Each structure stands twice: as C-alpha cells, then as structure tokens.
Amino acid sequence: MILDLLFPNRCLHCNRIIEADLLVCDLCFGQIHFTHYDYSRNNPVKEQCKLSFPVENAYALIQFEEDSLSRKIIHELKYRNREITGKILAEWTIERLDFKDQKPDLLVSVPLHPKKLRERGYNQLHLYTETLSKHYEVPFDHQLIRRNYYSKAQALKDKKHRLETVNTFSATHPVTGKHILLIDDVFTTGTTVSSIAWEILNAGDNKVSVLVMAMDV
C-alpha cells in the first residue's frame, strides 16, 4: 500500500494515475489499434504465414506501428519487467478471439534461450499463454520447443539477421495428430514462427495455427 502511494501506477500514454492492474486509462484505451481480424478467415498474418508454411488459421491482437501506444505496451512486457502485461493482453485477446469450431488442441509459445530467460527473469509469453489456456480450456506445453542458440532480441537485429533461423529451434519430444496454436509476441518477418512451425509439421501429422500479440506493419 505504501509503495502504491509513493509510486502509483500510471497510464502508459498520458501518465494519469490509474488502477494497479491496468496499463492505460479509459481515455487512452481508444488509442490502441486493435486489428479486428477474423481468426478463421484470410487476414494479413495468415497471408504472410502462407508464404512460408501451411497454416490453418492466424490472428494478431494489435498493430505494432512505430511510436504507437501498442508498441509501448509490448515493450512494457518485454523490456520493463512488467510480466502482468501478458495477462492483460490475454484478457483483451479473450474478448476478441473466437475459435468457433476450430479450437486448437495445444498452445505452444515461442521459447527463450535459457540464458535469455535468466537475464529477463521470465518468458513474456508464458503468463499470456497460461491465461488463454485456462479460459479456452486448451492445454499448453512450454517445453515442446527448445531454442538452440542464444541471440539478441529481434528488434535489435537488422533484416538480414532476422532471416537467419536455420536450426534455431528443435522439438524436445514427439507430438503427432495435434492442431497446435503457436504463440509469439510480435510478427515481423515471420521467420521465427515459420521455423517452429516446420519443426511441428515435420514431427508428425500435425496442423499449425498462429496467434501473435502484435503485427508489425
């Protein structure tokens, strides 16, 4: 309580004092650019994925424009030690994402390398994934995919190095006959989800769909 009084939670956009479990105030919420994509229909994420691998469905929650509130929110999650942001983003996703009759069998998030996990202290996708898992009643597996090499954040890489994902990931155990929803934070070139998708597809008779917090346009 004392910390709340001394260091109150503030809106990421206007700096107004807000409730501790919020990211932005009601006035600034309208500045978040939600995509309004349909999970089961063609949309920009699905079209991009289709260029690299067979994808069933795809969805992005928000747009990731330069100097936008959406970008501030993702950076708050990844770089400012605000893991709770993942839960809030999951709640926004739940309000907007309808699987209809195409609910996946398993949720799998993009892993961090163990060194990166120690540096950050948490995987920014875990709480997001676990919140979705509980609501949609779909199990998750944080161990299915392993990142083989330590590398700097995608945002710090140039375009050439973002495309270097050969053998970056591998499956830790067999999985077959599953429709897997692959979850990532930001979709940029699509090389990360493509690399993992092929590991899943090559492992057996599986299908892959994609869910990302943000689409980098």
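Which backbone nitrogen lies 2.8 Å from a polar atom of the side chain of Asn123? The reply is in point 6, after a look at the rest of the fold.

1. Ground rules. This is a predicted model, where local features need pLDDT of at least 70 and side-chain atom pairs count only at pLDDT 80 or more, while totals for chains, interfaces and linings use all residues. Numbering runs from 1 along each chain as its sequence is written, and side-chain values use heavy atoms, with hydrogens and water left out.

2. Overview. I get nine helices and six strands for the protein, taken as DSSP runs numbered from the N terminus (helices H or I, at least four residues; strands E, at least two). Of the 217 residues, 50% are buried, meaning under 20% relative accessible area with a 1.4 Å probe and protein chains only; over 50% is exposed, and in between is partly exposed. Contact here means heavy atoms within 4.5 Å. Among contacts between residues at least 6 apart in sequence, 73% join residues at least 24 apart.

3. The core. The largest nonpolar core has 61 residues, and Val45, Phe53, Leu89, Trp92 and Val210 touch the most other members. Strand β6 gives the most to this core, with seven residues. Such a core is a set of buried Ala, Val, Leu, Ile, Met, Phe, Trp, Tyr and Cys residues joined through side-chain atoms within 4.5 Å. Leaving out residues up to four places away in sequence, Trp92 touches Leu23, Phe29, Ile32, Phe34, Leu61 and Ile73.

4. The aromatics around Trp92. There are five aromatic pairs in the structure. The rings of Phe29 and Phe34 make a tilted pair, because their centres are 5.6 Å apart and their planes at 45°. Phe34 and Trp92 are edge-to-face instead, at 5.8 Å centre to centre and 80° between the planes. For the cut-offs, rings of Phe, Tyr and Trp (its six-membered ring) pair if their centres lie within 6.5 Å; planes under 30 degrees apart are stacked, over 60 edge-to-face, and the rest tilted. Phe29, Phe34 and Trp92 form one cluster. Phe29 counts as partly exposed at 29% relative accessibility, whereas Phe34 is buried at 11%. The charged end of Arg96 sits over the ring of Phe34, 3.7 Å from its centre; the test is NZ of Lys or CZ of Arg within 6 Å of the ring centre and within 35 degrees of the ring normal.

5. β2 and β5 pair in the parallel sense over four bridges (DSSP must find at least two bridges for a pair), and Leu106 stands opposite Ile180 in β5. The buried residues of helix α7 pack against α5 (84-96), β2 (106-109), β5 (179-187) and β6 (207-215). Just after α7, Glu137 takes a positive phi of about 60°.

6. Back to Asn123. The nitrogen in question belongs to Leu125. Asn123 is in the loop between α6 (114-120) and α7, and counts as buried at 4% relative accessibility. Leaving out residues up to four places away in sequence, Asn123 touches Val110, Pro111, Leu112 and Leu117.

How values were computed. A polar contact is a pair of N or O atoms within 3.5 Å; within protein, one must be able to donate a hydrogen and the other to accept it, and residues adjacent in sequence count only if both atoms are side-chain atoms.
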